[in-house]
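I opened my notebook to look at helix packing and aromatic rings. My entries follow, in the order I looked things up.

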Amino acid sequence: SSPSAGGQKRVRNDAGNKVTVVLGAQWGDEGKGKVVDLLATEADIICRCQGGNNAGHTVVVEGKEYDFHLLPSGIINTKGISLIGNGVVIHLPGLFEEGDKNEKKGLKGWEKRLIVSDRAHLVFDFHQVVDGLQETERQAQEGKNIGTTKKGIGPAYSSKASRIGLRVCDLLGDFSDFSTRFKNLVHHYQSMYPSLTVDADDQLKKLKDFAERLRPMVRDGVYYMYEALHGPPKKILVEGANAALLDIDFGTYPFVTSSNCTVGGVCTGLGIPPLNIGDVFGVSKAYTTRVGIGAFPTEQLNAVGELLQTRGHEVGVTTGRKRRCGWLDLVILKYAHMINGFTAIALTKLDILDVLDEIKVGVAYKLSGKRIPHFPANMDVLHKVEVEYETFLGWKTDTSAARKWNDLPAKAQNYIRFIENHIGVPIKWVGVGKSRECMIQMF
């Protein structure tokens, strides 16, 4: 373009493309994979920005069930590029095992569609061993553990924060230098955990092979994202792992994950400015679940909780653990909205509530009879809150065949509208089953 009058630099007012973000609004397992899958069919780039293979997303396509942990679930889309950002911690054996396993199910050419940021930190096998040792130690000392997935995620982020971690760019650089640093990292952990045994030479031999398989996928993630944002129009999707209440800063600490799974993690985990964040979609179940221990105010340790668990098949994708179940908690949804600024919400698994006579929704927390306006940071306080509920009559109708708003019974519509009005965020999708067709789009 020609320079403007007076030779002044042309002011660029085009912010570039915007990314669409999908985030968990509860304690994980909300069905983010389904929403991502829905949006990924249109997307040019699908990104992961934090976490590791502690995430578990199940996607059903044409009767085939794929399980993703580290790969963005958009990898199914043969027309899109999947990107693992710098904020993700990568366990290479896990990555390739996952790819190969899904390839046997029919996922073709995934290695050609995957881009990995050279700034992402690596998770080593010994990080996973240490994760297990730490959990055992917590159990012994405090009588309770965090309930991690033992995938080495926490220890890898610890190495990163301690500035002793190793990144993808290190692995692809001078290998003898990498080997020295790897051995130093091993010694660091062995001095803390004397029972830890690591065959460093064997590990390095395997890592050298992984390095060559990985090399064609690696790019400078910051530059790649910049080009994607400022080139021709593109649909870019970011798939959050874990959820708001598991966020290292905002979750129910210490029973949280080790990364930021709220919207800020998108900017730091991909190296993009806030200006380029577009829609932020929160995903919530029509009830609440939680894996592992930690406060859970609306938990139902009764027949209702059991019904939700069995009807909802509430078992962890990554761990196989039974999930704890309870009523929908609007206090946590409002809290997640305060942090993330949702532009719309996807409400999933509404059909699980089909058989209930009455349905409750937590609307406020009370401490010694008084409503509190915020979500308590202190876990002892959170354990003490009394939940104020709004009660609805159940619709007692099978909703699983509903495909549009008008197919839903009036009482279910009423339930959805109440949630929407209470949080002040429109509900864009309502999920009534496992497959793609079961997501009712509202607008």
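I take a helix axis as a line fitted to C-alpha atoms over the stretch in contact, and angles run from 0 to 180 degrees between N-to-C directions. The model I am reading is predicted.

**Entry: α7 and α8**

I looked up helix α7, residues 175–192, against α8. Their axes come within 11 Å and cross at roughly 140°. Angles over 145 degrees would count as roughly antiparallel. α7 and α8 are therefore oblique to each other. I noted that α7 passes α8 in a right-handed crossing.

Which residues meet here? From α7 I listed F175, F178, S179, F182 and K183. From α8 I listed A200, D201, Q203, L204, L207 and K208. By class, I have six nonpolar, two polar and three charged residues in this contact.

**Entry: α2 and α8**

Next I turned to helix α2, residues 92–104, and helix α8, residues 200–214. I read an angle of about 55° between them, with their axes 10 Å apart. That makes α2 oblique to α8. The crossing of α2 past α8 is left-handed.

On the α2 side, the contact is made by L92, P93, L95, F96 and D100. On the α8 side, L207, F210, R213 and L214 take part. I sorted this contact into seven nonpolar and two charged residues, with no polar ones. L207 of α8 is in the contact with α2, and L207 is also in the contact with α7.

**Entry: aromatic pairs**

How many aromatic pairs are there? Counting rings of Phe, Tyr and Trp whose centres lie within 6.5 Å, I get 17 aromatic pairs.

I picked out W27 and F296. Their ring centres are 5.4 Å apart and their planes stand at 50°, so I call the pair tilted. W27 lies in the loop between β1 (19–24) and α1 (32–40). F296 lies in the loop between β12 (288–290) and α11 (303–311). The pair therefore ties together parts that are 269 residues apart in sequence.

Are these two residues buried or exposed? W27 is buried, at 3% relative accessibility. F296 is buried too, at 7%.

I then looked at F124 and F126. The centres are 5.6 Å apart and the planes are at 25°, so this pair is stacked. F124 counts as buried at 3% relative accessibility, and F126 is buried at 2%.

Technical notes: Residues are numbered from 1 along each chain as its sequence is written. This is a predicted model: local features need pLDDT of at least 70, side-chain atom pairs count only at pLDDT 80 or more; totals for chains, interfaces and linings use all residues. Side-chain values use heavy atoms; hydrogens and water are left out. Helices (H or I, at least four residues) and strands (E, at least two) are DSSP runs, numbered from the N terminus. Angles under 35 degrees count as roughly parallel, over 145 as roughly antiparallel, 65 to 115 as roughly perpendicular and the rest as oblique. A crossing is left-handed if the near helix is turned anticlockwise from the far one by less than a right angle, and right-handed if clockwise. Contact means heavy atoms within 4.5 Å. Ala, Val, Leu, Ile, Met, Phe, Trp, Tyr, Cys and Pro count as nonpolar, Asp, Glu, Lys and Arg as charged, and the others, Gly among them, as polar. Rings of Phe, Tyr and Trp (its six-membered ring) pair if their centres lie within 6.5 Å; planes under 30 degrees apart count as stacked, over 60 as edge-to-face and the rest as tilted. Buried means under 20% relative accessible area, exposed over 50%, partly exposed in between (1.4 Å probe, protein chains only).
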